[in-house]
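Hi everyone, thanks for coming. Please have a look at the model on the screen, and I'll walk you through a few parts of it.

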Amino acid sequence: MKYIKPFISEIPWNYSWYYRAMSLFERQDGEQERYLQANNREFNTRFGYPNNTIKTSRYNVFNFLPLNLFEQFQRLANAYFLVLLFLQLIPQISSLAWYTTVIPLMVVLSITAVKDAIDDMKRHQNDNHVNNRSVMVLMNGRIKEDKWMNIQVGDIIKLRNNQPVTADILLLSSSEPYSLTYIETAELDGETNLKVKQAIPVTSDLEDNLELLSAFDGKVTCESPNNKLDKFTGILTYKGKDFTLDHDKLLLRGCIIRNTDWCYGLVIYTGPDTKLMQNCGKSTFKRTHMDHLLNVLVVWIFLFLGSMCFILAIGHGIWENKKGYYFQNYLPWKEYVPSSAVSAILVFWSYFIILNTMVPISLYVSVEIIRLGNSCYINWDQKMFYAPKNSPAQARTTTLNEELGQVKYVFSDKTGTLTQNIMVFNKCSINGMFYGHVYDKKGMKVEVSEETEKVDFSYNKLADPKFSFYDKTLVEAVKKGDRWVHLFFLSLSLCHTVMSEEKVEGKLVYQAQSPDEGALVTAARNFGFVFRYRTSETIAVVEMGETKVYQLLAILDFSNVRKRMSIVVRTPEDRVMLFCKGADTILCQLLHPSCRFLRDVTMEHLDDFAIEGLRTLMVAYRELDNSFFQAWSKKHSEACLSLENREHKMSSVYEEIEKDLMLLGATAIEDKLQDGVPETVATLNKAQIKMWVLTGDKQETAVNIAYACNIFEEEMDGMFIVEGKNNETVLQELRSARDKMKPESLLESDPVNIYLTSKPQMLRIPEEVPNGNYGLIINGCSLAYALEGNLELELVRTACMCKGVICCRMTPLQKAQVVEMVKRYKKVVTLAIGDGANDVSMIKAAHIGVGISGQEGMQAMLNSDYAFSQFHYLQRLLLVHGRWSYNRMCKFLSYFFYKNFAFTLVHFWYAFFSGFSAQTVYDTWFITFYNLVYTSLPVLGLSLFDQDVNETWSLRFPELYEPGQHNLYFNKKEFVKCLVHGIYSSFILFFIPMGTIYNSVRSDGKEISDYQSFSLIVQTSLLWVVTMQIALETTYWTMISHIFTWGSLGFYFCILFFLYSDGLCLMFPNVFQFLGVARNTLNLPQMWLSIVLSVILCILPVIGYQFLKPLFWPVNVDKIMDRIHLSTKLPLPPPTRTKLKYASCRHSAYAFSHKQGFGALITSGKILRSRVSKKNSFLFKK
């Protein structure tokens, strides 16, 4: 029976549309409702709607320089050095030449500006590519081609098959009957299954008549732009009548037109107002935890620097007051210095300039170079290159690399991220016989591999060549004419809502609302039961080469409550048959008592299917008596036309016919995981990384995939399901779960409760350890309550104690809210990974966003920080590149702060021997080149090439990743160690050279304890010490490391002879003042004695600490490193393969889309192409 839904509502309207639109236009308090008129640009432009241009770039030619400099000087250190530069221009306090700051500052600003310009140019290129796409637009009664960016609100555009939708448009008409339009929404929600949209009848009559379309002057009142993908409300006013509009009439930007030759649409939202762009949100600049820590440490250094300058200024005041005052004949005070107090104030700023290298400006440019280098490693990694799509991994940002080594929580989408969104008919059970296993000649079961011989379907000319099956016994049963096997596949070929397209004879293309249905119909097709085409009243099936047409009597469509669908057909033999497929939990209750034994056998097979992680489905049939069906059909018609309790009446009528079913068997569909997903999840678990799946899919499917991926395991101590419909129920369920995982967490005496009570303003929740392994499942409805008020704290405490969490039926906004919740309450690094536009908000909310460039479009990738094609690359990104980047950055920062403390604090000790006069220890050019030239390459070599272990061991022992999660290698404690080590080294570097040349003379009797000789000895000793220090830090030596480390030391001596040469000193005596010092000092034994003693005394404590630490304060990583070092002396053991674990109990995964089916459309006849009879006429001739 047909059931035709009314899909327009004519509502009386009590106001003037134009008057209301104009009154809103006069108000300037923001857009509350949108008003537009078709084909009237003059009217629509009054509202200032944006055009269809997309802009993701930040700069243009005119604002780049001022805006970029403004952003760079927001960085505390850059602003500090700018202030320092101005201080150096004041002669009264300047103790260093201005170029010692200008040159490094210009280099830093230039490198950063060039990097930002290159990044923004790429964004401009992407924007231009999208904005310059072409589309057909109706202008002045003619169709003309224009660019996307020129489309405006109120325009009417024409779209063709396989063309992306330009903007959010109201569907007016299409080539299909009843103006149906089929779309694919992969870019929006990650789903590749087909969806249908329908225009309202009043506009569908316009068809493709350009005269009528040009004359169309409909007025639309609708909601203001928002990010709700599944909601739209509006009113179309046309010819004096009002028609309601909903999201079924709207085609969103990012959709792709399918199976529709052409369609026309009225542009409602453009550019940034489209729902696709509204979901993208604002791009925020992500900063790492290390950046935040550096800012804190820079403030500490400023305070330490200020305190030192204060001490030295006081020392200068005391010295001038007690000694300098009496030596003014030799050291006269300047005319602007009336007293020792004023002199002390000026010296304070002089020392502030001298000691500025405590915060070296080269630190930040070095960090940028290191991050850029480690990003290039990701881009160049051939093991993350996906050959089938010629797709390399991409580091789309260079600022987050070390954060990859600190991830604690991974939030993943399901469809297209963990799975391929490809369903494969894997096994089946028919009349108690199991099909799908492969046996060798000895009768032993073997695993399917690439070498396994496939079933030959050459006997079937309409078979899908991409379909694979390996059990030949099933084909033999089909060829022998087994009645139950034939009936089973006939059921699969009839009981569905799939649509068939056959543009070329024999080349069938199925468009299914659910990929599960597509897999089942394709399986039936290959085994000889080919669904050929359908009309509103018939279904044509080619059965073993013979075309049969079945009369379609009724479709009992799928719903979430029913969890099944049925179809009633009249066979060519005039028999009325009902075929049904659905969840085993439902169909078992509908079977005829005579099927009890067959049911038990089939249930055993279903258990086997579920253990393998397959999606299961039961198939049954019933032959109906003609008179019974006629009586039921009458009841069905009455229920369809009922205005009250229609859904309940329909359900009751369905139950009358869906009973006493005869069981045919069961199907097992593999929701194909991406390669290596279970192994990757198992590896991440060993690295103490927690996995949460945030999906819009239904609970059964999500849980099934969770078991297949090793997120949930059979050995878990408990599984909690939160499905409350109000605050009280959700709170009770969360607390009940927490009571089982950690009973004491509900007591007031619990340390975490005490902490939260005593520090309510502190949002960070300490880590809580449960008494076992648990899993949590929560749906979107319950999550809406759990994310409000006090329940949010309960949710995060409960969920974070679980090993794995599944959140299903989620909206894109909820995904972002969950990520933000964990970021807010836990001091951890989060990573979000997804592949669709519905994952963009989650990707942007996380500390690190990863986009999968898969089947579901490019939106996730374009908004991500890192992108690649396969989920299993994530373990390499984190455990190899992430861990290396974190370790390198920590070593770099520790060494960089140490070498600058050792370099700068020598001035502090020298002040006590120079009357606190703000005289520098070193030559001015040495100060300029120390960070920029002499020590830059060795530390870059360490930070770009060092590896504590190679990639094989990094993946073999994921436990090595754990220190990064707790930030053990560089934190405030490690910084203090660097400071103490730097103070000690500066003490050695000053007093050892001073002691070696004190009262010393050369062999010719001349003194060598002059200022310039002392300066040269100190700076040479310093370079030797910091070079040996970096040699100790380096664990992986390459040729480049040797060149950078020892070459820089050799380069120093070359520069030394050049800067101190006679020629330069004679040409520029005011700039180069160390005439002949190099050749007179380097041949002194005292100098080399000073270098040897300084190196030994500075390095000895480091060697002792590195030796004693693993013995007296070992951590887990030290034990693993010992195992690795032991293993390197032995042959490498073969890698242990992770055994995939599945639940022993079945987790029903009903193989249908979680949305209402196409049944009503099919039976209404609206889905029928007007040309179907012509296109399929050859079928009846055969």
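Let me start with a term: when I say contact or touching, I mean heavy atoms within 4.5 Å. Helices (H or I, at least four residues) and strands (E, at least two) are DSSP runs, numbered from the N terminus. Now for where this comes from. It is a predicted model, where local features need pLDDT of at least 70 and side-chain atom pairs count only at pLDDT 80 or more, while totals for chains, interfaces and linings use all residues. Residues are numbered from 1 along each chain as its sequence is written, and side-chain values use heavy atoms, with hydrogens and water left out.

Let's begin with an open sheet of 9 strands, ordered β17-β16-β28-β27-β26-β25-β24-β23-β22, with antiparallel pairing. Two strands pair if DSSP finds at least two bridges between them. Which strands stand at the edges? They are β17 (433-435) and β22 (529-534); each has a single partner strand, so one side of each is left without a neighbour in the sheet. From one strand to the next, the twist averages 30 degrees.

Zooming in, β27 (residues 615-624) and β28 (residues 662-673) pair in the antiparallel sense over 7 bridges, and Tyr621 stands opposite Met662 in β28. Helix α17 (residues 596-611) packs on this sheet, touching β16 (419-430), β17, β27 and β28. The direction of α17 makes about 0 degrees with that of β28; such angles run from 0 to 180 degrees between N-to-C directions, with axes fitted to C-alpha atoms, for helices over the stretch in contact. Helix α18 (residues 626-641) lies across β24 (546-556), β25 (564-570), β26 (576-582) and β27, and runs at about 110 degrees to β27.

Finally, a helix pair. Helix α22 (residues 727-741) packs against α25 (residues 791-800) at an angle of about 30 degrees, their axes 10 Å apart. The two are therefore roughly parallel to each other, a label for angles under 35 degrees. Among the residues that meet are Leu731 and Leu734 in α22 and Leu791 and Leu795 in α25.

Key: Parallel < 35°, antiparallel > 145°, perpendicular 65-115°, else oblique.
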